[in-house]
Amino acid sequence: MAVTLDPSPGQREPSTATSVGGAPIQGRSLWQIAWRRLRRDRVAMAGGIVILFLLLLAVVGPHLVQNPNTYNSSLVDPTFSRPIGSWGGISLAHPLGVEPVTGRDMLARIVVGAQYSLLIGFLATVLAVVIGVFFGIIAGYFGGWVDALIARAMDVFLAFPLLVFAIALIGVIPNSAWGLSGNTLRVALLVFIIGFFAWPYMGRIVRGQVISLREREFVDAARSIGARGPYILFRELLPNLVAPILVYSTLLIPTNILFEAALDYLGVGLIPPTPSWGQMLSNAVTEGFYYIDPMYMVIPGVAIFITVMAFNLFGDGLRDALDPRSR
Amino acid sequence: MKRRRTLAVAASAATFAALTLAACSSSSSTGTGGGSTAPSGSTSAAAGSAAAFNAGTTGVVNPSTTKTSNTLSFALSSTPDSLDPGNTYYAWTWNFSRLYATPLMTYKSAPGAAGNTLVPGLATAPGTQSADGLTWTYHIKPGLKFSDGEPITSADVKYAVERTYDRSVLENGPNYFQVLLGDPKYPGPYKDKTGNLTSITTPDATTIVFHLVSPFPDFDYVAAIPQTAPVPQDKDTGANYQLNPVSSGPYMFQSYTLNKEAVLVDNPNWVPSEDPQAEQNVAKITLTMNVNADDIDNRLLAGDLDVDAAGTGVQAAARAKILSSPTLMKSADDALGNRLWFIYLNTKVAPLTNASCRQAIEYAADKTDLQTAYGGPVAGGAVASTTLLPGMPGYTSFDLYNALSQPTGDDTDAKTALTKCGQPNGFTVGAAYRSDRPKEVQAAQALQAALAKVGITLQLHGYPSGSYYSDFAGSPNYVHTHDLGIDFGGWPPDWPDGYGMLEELVNGNTIVPAGNTNVSEENNPQVNALFTDAAKPGTTAAQQAADYGQIDKLVMQDAVMLPEVYGKTLLYRGSDLTNVYAYAPFGMYNYAVLGKS
């Protein structure tokens, strides 16, 4: 897909004119047009609202809910290890019920889990975007052996058995390293693993865009007045890449959230007792709780589903709004 | 390493029934069996019990002496390490191998604690120890034959032990013989085709003598390991011997497709009167491997399958089905006793160097939450307060840290102990657990939550179970440098006495730099002296039991182990099975006597 935008959309003043009837016609910037398109897309807007809600939940939620690590053994039937009462022990005090075995509040664990899921999803995406854009621009603009080298490197990364690598890496990293320890270190590691291996997707898209952009007149113009590589790369080309970067970042976030859940599921994610959606699913499956307490699997499953769905819908809408031709 | 084996111990029937009743009070079915206690004779003499919950823990369910032409079907959710009796270290394979391999000594085929009694297998009587304690002599029954009709001689037993010396061919079994017998450098018959193991001698075809490097009073237990089941040298194919082992038991291999299915049929050369601990009740036995664990349970409940070979109990789904149905519960047994789950409290990591700090942890731990973490009172186990398992020689019930009287934790006494330790506001310490064992992950979090209440902060560190003892908890250096004062563990004794249970855990001279199982680094001279006393030749069984009981108390006073639960297993017996009962040495049904009507 090719997004064609003005060289520097933010710098241009909208021009005004006067129509026959006298009412002034407002010239609109491309961003305004895109925003109007996006606003008309109800599905995307719904996704966006859910995302805002999730962000709010992740920021303030943990301060409103109970301590996610408090045991409520009295709410669990020890013989079956399942919560007492139907629907996973849902009650006024515990709106989403309690965990089997421990009796910890599910709402608190889901909300705090959301914080970690989103944090890791976002940071990993930022890392992937920074690396991907940097190498993508360079590969696309310079071409030749630079391009060949970076493109092959991307192939290697894409073909890498990532899951196996992640499990091995997390296994050998000590409990404290680089001044970090415990869960902080683990979050940093997860961000690194997920982000560092997701950059080629972004890199390839940016590279393709740059290859088509570098032949455009404004690049020639910049070059003719003596602009050098870095200036052209980051001042002329990069602003034109904002739209695809935004779109694909939005679509990368849910992928990263899913990947983090997968690592949690495999037991190499966050360190217990830190709540995590993937670990809840993992427990539900490996310990057979899905049979005796289905809500324990349904609730984190739905949480992951809603989050991933919201980001995907919003990302799709954003792409349609910024680049209608790619529909 | 003895971490995979599970030899079991039975509780007294009374304790057991009480625990189970408490566990299942929510259910309408609280039957505890036909009330028959362990019979003194062989199984066929046992008073039969009607099918009822836990009937198989105290008596024989559906006793029968009729041989039928039926097929007894076993299924396994994984694959065995090996079906070769000389190359396996799982409780269920030691149990299953009795169908086709008879060791020198074996355990009495009887329900209840009587199953822990050692009785002769191939041998005519238990071994005789020389006055200096350095030789053990066995005589094997004359006239016994392999399934191929060849006579069984003492040379076949000697060869069976010799081949286990080559760990590059037979890597799975325990290594007691290499440790206990002289000539430890013997490379095994595959590499050394001309020599032989000089520390075993066979003066005649029915006599075999083991020469030890130092006295070892429990040698009869070692002789009960399937490694002493005879193997004819000319039929041995090394690691592939498991595909067609020559039988010395009631059944013999008809076929074995590796890791798929084994089919056993009657051994025509087996003489029932010479092997009273095993029975030949069916015409055929099949063992199917790699069957999904939940599928095994469903087929068991539907009656398509007779036995879950692994004997580790049903999965959570089937557990819920069984315990919520009085009808299904009648066919279930909550068998006690294959292992102790416990926590090591290290004596070299500050501030746990001070016994009062360790005692604070003992008091503060919420034993109910720990029990729930391991699966609750039925599938997990009973709250433990001692390091010896109930039913072991020397076991007495005592409750030093109110584990039984205040199972949710005794914070008052914990705070007192903390003050005594000089840490009235608590402290921070690391805790190691095996991150790929969901129950242990739950237990670690439960302990963390309970200790937080008295101000003790646990930093949890998960490690892979494969290298847990070799590199992490089992490496004192790693434990010290990483502050791992608390380490989760479990112990299945290789045989049911104080030596099998405690020697590797708390004897000061077993501390090693890697693969250490005395993770607490307990080195109490009094404890060490008691182990030495129990090992002296001529020490009576009663004196040994007293020694081990004393060790149990000292270890608990030192607070180097925090017992969590005495493990239990929920087993389900198919309605067609006959002669079923939970077998104490293995904590599962006795496979050697099962029949099918």
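A polar contact is a pair of N or O atoms within 3.5 Å; within protein, one atom must be able to donate a hydrogen and the other to accept it, and residues adjacent in sequence count only if both atoms are side-chain atoms. The model is predicted: local features need pLDDT of at least 70, side-chain atom pairs count only at pLDDT 80 or more, and totals for chains, interfaces and linings use all residues. Residues are numbered from 1 along each chain as its sequence is written, chains are lettered from A and ligands numbered from 1 in the order in which they are written, and side-chain values use heavy atoms, with hydrogens and water left out.

**Exercise 1. Describe the interface between chain B and chain A.**

Step 1. Taking contact as heavy atoms within 4.5 Å, 30 residues of chain B touch 23 residues of chain A.

Step 2. Buried area is the accessible area (1.4 Å probe) that two parts lose on being put together, summed over both. Between chain B and chain A this area is about 2200 Å², and carbon and sulfur atoms give 55% of it. In chain B, Thr372(B), Gln442(B) and Gln445(B) lose the most area to chain A, together 23% of what that side buries.

Step 3. Six residue pairs are in polar contact between chain B and chain A (both at pLDDT 80 or more). The count of salt bridges is zero, a salt bridge being a side-chain nitrogen of Lys or Arg within 4 Å of a carboxyl oxygen of Asp or Glu.

Step 4. Helices (H or I, at least four residues) and strands (E, at least two) are DSSP runs, numbered from the N terminus. Elements giving two or more residues to the chain B side include helix H8 (316–323), helix H11 (367–373) and strand S17 (457–463) of chain B. H14(B) gives the most, with eight residues.

**Exercise 2. Locate the cis peptide bonds from Ala350(B) to Pro351(B) and between Pro272(A) and Pro273(A).**

Step 1. For the bond from Ala350(B) to Pro351(B), omega is near 0 degrees. Pro351(B) lies in the loop between strand S14 (332–345) and helix H10 (355–364) of chain B.

Step 2. For Pro272(A) and Pro273(A), omega is about 5 degrees. Pro273(A) occupies the loop between helix H10 (242–265) and helix H11 (277–286) of chain A.

**Exercise 3. Is Val101(A) buried or exposed?**

Step 1. Buried means under 20% relative accessible area, exposed over 50%, and partly exposed in between (1.4 Å probe, protein chains only).

Step 2. Val101(A) has 7% relative accessibility and therefore counts as buried. Its phi is positive, about 70 degrees, although Val101(A) is not a glycine.
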